[in-house]
Amino acid sequence: MAALTLHHHHHHRHHSCLQASGHLSRRLYHRIFSSFPRNPVKDLNFRLSLADFSSFSLSTRGTVFAVRALSTVAVEESSEKKMVKGIRVYEHGGPEVLKWEDVEVGEPKEGEIRVKNKAIGLNFIDVYFRKGVYKPASMPFTPGMEAVGEVVAVGSGLTGRMIGDLVAYAGNPMGAYAEEQILPADKVVPVPSSIDPIVAASIMLKGMTAQFLLRRCFKVEPGHTILVHAAAGGVGSLLCQWANALGATVIGTVSTNEKAAQAKEDGCHHVIMYKNEDFVSRVNDITSGKGVNVVYDSVGKDTFKGSLACLKSRGYMVSFGQSSGSPDPVPLSDLAPKSLFLTRPSMMHYNETRDELLECAGEVFANVTSGILKARVNHKYPLSRVADAHADLENRITSGSVVLLP
């Protein structure tokens, strides 16, 4: 049962008030809203209150409705299971364990939505889960932690979403490698109409990773000098662009001439080809022996010790990935000579609340719209060929972002 209080204000006429209470089904919902004049209700714009998910307002041209649910709205739930195509992993291993098959998608429950994916982001974390470096909650599982799609079904309760909305998500729950997926409504954010869905899918997880690394984990400011490993990668490319815009001097390491050219274009002031030169001595030269304020290291085993050596006193070692393997254990005595800080952060811990998620995604989208961040969608693969995409990512053939198309 639900009670509904609905206020209808018209700008040109006297205020009138309609109060309705009782069981609210889809039919009643339709009857209430279709009883108002048709034209003004053509474009409904939902605005969700962060503090109170049980209230939302609808604004239309010349007409405003304020709706407040006093208890959960009951919507009929169907037990039907729908089959879509997706990827399943039955055992950890190489790219060949990614199986393209029919997967079951249920109906969204309370507070959930079903999304038909338009574009899916590929991230190195997907490789870690496939290989078993990180453990999924259960086997078999569907990988993928970043997607943009259209809402095709809405569960009961006030989710703040409507069928037809374009939404993006990054992080948990895992399961983006599918044509459709169920998501908690509070984990998605609306995609601004100014941003293409493929661009949004390529920048959501990587952009929010760059945001928390540069703005919260360590706060980069004008005058800082930073070192970015894998400067031409999906996150590396965005770190260089954003840090440059923040006024930092950016040093980046890359493996090829093509990647060096891209890093330069992305705002890297000094590019180090670490296969041909020792990055520690080059950083020492560039900084006149002072070292850098912070190192952003997603490479791990191959770079970790050198990264510590590049830091100035009280510098920050930010280890956020291990594409070359997990770093060796670090004795505390390695940090003592320069009073160093060491952190191993995860985006999920920096976007734990709805407010944090909206603020983080909002900053990313604003920087894309203003041109501070340029998404490099350098590679697109059909979702059915995701095994090829994984192989290319691991063999360092890709640069920038990789997007999978269902």
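Predicted model: local features only at pLDDT ≥ 70, side-chain atom pairs only at ≥ 80, totals over all residues.
Strand E14 spans residues 249-254. Of its 6 residues, 5 are buried, so the strand is largely enclosed by the rest of the structure. E14 pairs with two strands. One partner is strand E13, residues 225-228; the pairing is parallel and comprises 4 bridges. Within this pairing, isoleucine 251 of E14 lies opposite leucine 227. The other partner is strand E15, residues 270-273, which also runs parallel to E14 and is joined to it by 4 bridges. Here valine 254 has methionine 273 of E15 as its bridge partner.

Helices connect these strands. From E14 the chain passes through helix H5, residues 257-265, to reach E15, in a right-handed β-α-β crossover. E13 and E14, together with helix H4 (residues 234-245), form a right-handed β-α-β unit.

The relative accessibility of serine 399 is 16%, which is under the 20% cut-off, so the residue counts as buried. Leaving aside residues up to four places away in sequence, serine 399 contacts Ala232, Lys259, Gln262, Asn378 and His379. Alanine 232 is 167 residues away from serine 399 along the chain, yet their C-alpha atoms are 5.9 Å apart. Two side-chain polar contacts involve serine 399. The side chain of asparagine 378 is one partner, at 2.9 Å. The side chain of glutamine 262 is another, at 3.4 Å.

Note on methods
Residues numbered from 1 in each chain as written. Heavy atoms only, no water. Buried < 20%, exposed > 50% of the residue type's maximum accessible area, 1.4 Å probe, protein only. Pairing = 2+ DSSP bridges. Right-handed = clockwise from strand over helix to strand, strands pointing away. Contact = heavy atoms within 4.5 Å. Polar contact = N/O pair within 3.5 Å; in protein donor to acceptor, adjacent residues only side chain to side chain.
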